[in-house]
Amino acid sequence: MDISNIARKLDLANSKLLVRKAAEIRRLCDAQFDSSIIGVGEICKAVICLEIASSRMEVIFDRQAAIKLSGMSEKAYTRSFNSLQNVIGIKSKLNIKELAIQFGCVRIIKSVQNVLSSYKERFLASLPSSRRANADFTRPVFTAAAFYLCAKKQKLKVDKLRLIEVCGTSESEFSCVSTSMTDLCFDFVGVSKEKKDAKGFQGNRDLLDVLPEKRRLEDGGYSSDDESSCYKRHKKMEEAKYEDWKSTVVDSIKKNPEKGAKKVIQTSLNFSKKAETKS
């Protein structure tokens, strides 16, 4: 399907520049890889390209209508959206207004902008001058964390897991940024009576590294192998339970050898008697 027809169905046909940008992103996708490998059809790919273009040009995009048009579930669409972005190397940029409309929290737009501005200023002040050049606030996780904390402050319900999927980050990274933001901007988003000392908060200097994977490995924090480590811990626990059960059974057999051993009765066959009877 032509991308301009899809744009018309999403009320985006009036912006010719946006349609051209989406077509350019689509050509880039076709040149990079076959999207059908990850289960993304042509219509869904066109819709995703339109959303990426809208995000980069800061145009309001109706994601619910897009999901309905793509023929996918919301979770599958979000997963496909993040996969396409990662493959073609385009950084996701969350639009606060679009996010507020999507989650029905329009009244916190100004608060989110203020929190992000203050967080950036205070965060940079806590970093050594040599590290300030490496600070990267463009990652969508910062916008998502500020949005969630502002909604929580004003007692508005926001689906946290859905927000994490939309911003394309991990739950552990989202939690890490939220904790840092709460400590540094407690006067904006704090809801607890107790406030941690921002000076004593460790990890501020590393949250904004350009390479988060390197940060996680250096600081021993969360890593991309979280799932495998959880599996290993679970396996060790199961092995420990099995060893306890095994030792219990062995001790029981040693204490009561008669109960533990099975009695084997062997019957003897006397063929000579049968032979005499026949004769």
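Helix α9 spans residues 160-167, and its buried residues are Leu163, Ile164, Val166 and Cys167. Because these four cover an arc of only 160° around the axis, they sit on the same side of α9. An α-helix has 3.6 residues a turn, so residues three or four places apart point the same way. The model is predicted.

| Helix packed against by the buried residues of α9 | Residues |
|---|---|
| α4 | 63-70 |
| α5 | 74-88 |
| α6 | 96-103 |
| α8 | 140-153 |
| α10 | 171-184 |

Next, the two ends of α9. At its start, a side-chain oxygen of Asp159 comes to within 3.3 Å of the backbone nitrogen of Leu161. After α9 comes Gly168, with a positive phi near 70°.

Is Asp136 buried or exposed? Asp136 counts as buried, because its relative accessibility is 9% and the cut-off for buried is under 20%. Lys120 is 16 residues from Asp136 along the chain, and their C-alpha atoms are 9.7 Å apart.

Now the whole chain. The protein chain has 15 helices and zero strands. It holds 279 residues, and 37% of them count as buried. Of the contacts between residues at least 6 apart in sequence, 69% join residues at least 24 apart. The accessible surface is about 17,900 Å², and carbon and sulfur atoms account for 53% of that area.

Technical notes: Residues are numbered from 1 along each chain as its sequence is written. This is a predicted model: local features need pLDDT of at least 70, side-chain atom pairs count only at pLDDT 80 or more; totals for chains, interfaces and linings use all residues. Side-chain values use heavy atoms; hydrogens and water are left out. Buried means under 20% relative accessible area, exposed over 50%, partly exposed in between (1.4 Å probe, protein chains only). Contact means heavy atoms within 4.5 Å. Accessible areas come from the Shrake-Rupley method with a 1.4 Å probe; for residues, only the protein chains shown count as cover. The arc is that of the directions from the helix axis to the C-beta atoms. A polar contact is a pair of N or O atoms within 3.5 Å; within protein, one must be able to donate a hydrogen and the other to accept it, and residues adjacent in sequence count only if both atoms are side-chain atoms.
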